[in-house]
Amino acid sequence: MKIYKLPDRDRTPVLLIFDMDGTLYTNSVYLGSQTDLLVERLAALKGKDPAGMGEEISAFREGWLRKNPGKSISLSLILEGFGVSMEENVRWREELYRPEAYLMPDPRLRETLLVLAGSRKLAVLTNNPVSIARRTLRCLGLEGIFPVLVGLDTCMVSKPQEIPFRKAAEESGVDAAGCVSIGDRYEIDLALPLEMGMGGILVDGVEDVYRLPQVLEAGLEA
Ligand SMILES: [Mg+2]
């Protein structure tokens, strides 16, 4: 875990904006399947084999990173580069993803989030569609925990772009200086919110989330 920035001690209200995949659960097989399924679908659409499609995507990503040093590109933006609209991207994910096959209730996480919710507001911000996010929360036993949920189809733009971060803050009624973005990918979950004046905590997975109540209370580098 690495704490980049936290709101001032006396600031209230504070909103914790959680990334979902790789943050509220740790499951590399399910995470890998999400990418593979989209690449396979794109390959089928283009009449190519998945391995060749994967190489084309890697080449696209490398080209983009050369033109945008220090930035990161989401899979959704890469798909747009191959002519897949955000609407189609959302449909593919809704049709293909099966959180139920990989995830189980996490009572320790539920307990942790309830502790955090005692003195802070909570939101989820994910690059998956809202319906997948809701199914994922159900699998993890976290129904009713997050009053605000912003997904790929809420604003039809993906992280890292300002709009979905602003949306999560506005819907929660908290200004940027009171927000903390918490996620497992610096470039996707933290770089931009930090620029926007939010706090940021990088986690290695859900095991780090379990420690958040103590870490936030101490306000110290973990
Ligand atoms: Mg993530």
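Predicted model: local features only at pLDDT ≥ 70, side-chain atom pairs only at ≥ 80, totals over all residues.

Reader: Which residues of the protein chain belong to domain 1, and which to domain 2?

Author: Domain 1 comprises 2-27 + 104-218, and domain 2 covers 29-100. To their contact, domain 1 contributes 19 residues and domain 2 contributes 15 residues.

Reader: Which elements give two or more residues to the side of domain 1 that touches domain 2?

Author: They are helix 6 (130-139), helix 7 (152-155) and helix 9 (186-195). Helix 6 gives the most to this side, namely 5 residues.

Reader: Turning to helix packing, at what angle do helix 1 and helix 2 pack?

Author: The general idea is to compare the angle with set ranges: 65 to 115 degrees counts as roughly perpendicular. Here helix 1 (residues 28-46) and helix 2 (residues 50-67) pack at about 105°, and their axes are 9 Å apart. Helix 1 is therefore roughly perpendicular to helix 2.

Reader: Which residues make the contact of helix 1 with helix 2?

Author: Helix 1 supplies V39, E40, L42, A43 and K46, while helix 2 supplies P50, M53, G54 and I57. By class, the residues of this contact divide into 6 nonpolar, 1 polar and 2 charged.

Note on methods. Residues numbered from 1 in each chain as written. Domains from an automatic or database assignment. Contact = placed C-beta atoms within 7 Å. Helix = DSSP H or I, 4+ residues; strand = E, 2+ residues; numbered from the N terminus. Axes fitted to C-alpha atoms, helices over the stretch in contact; angles between N-to-C directions. Parallel < 35°, antiparallel > 145°, perpendicular 65-115°, else oblique. Nonpolar A, V, L, I, M, F, W, Y, C, P; charged D, E, K, R; others polar.
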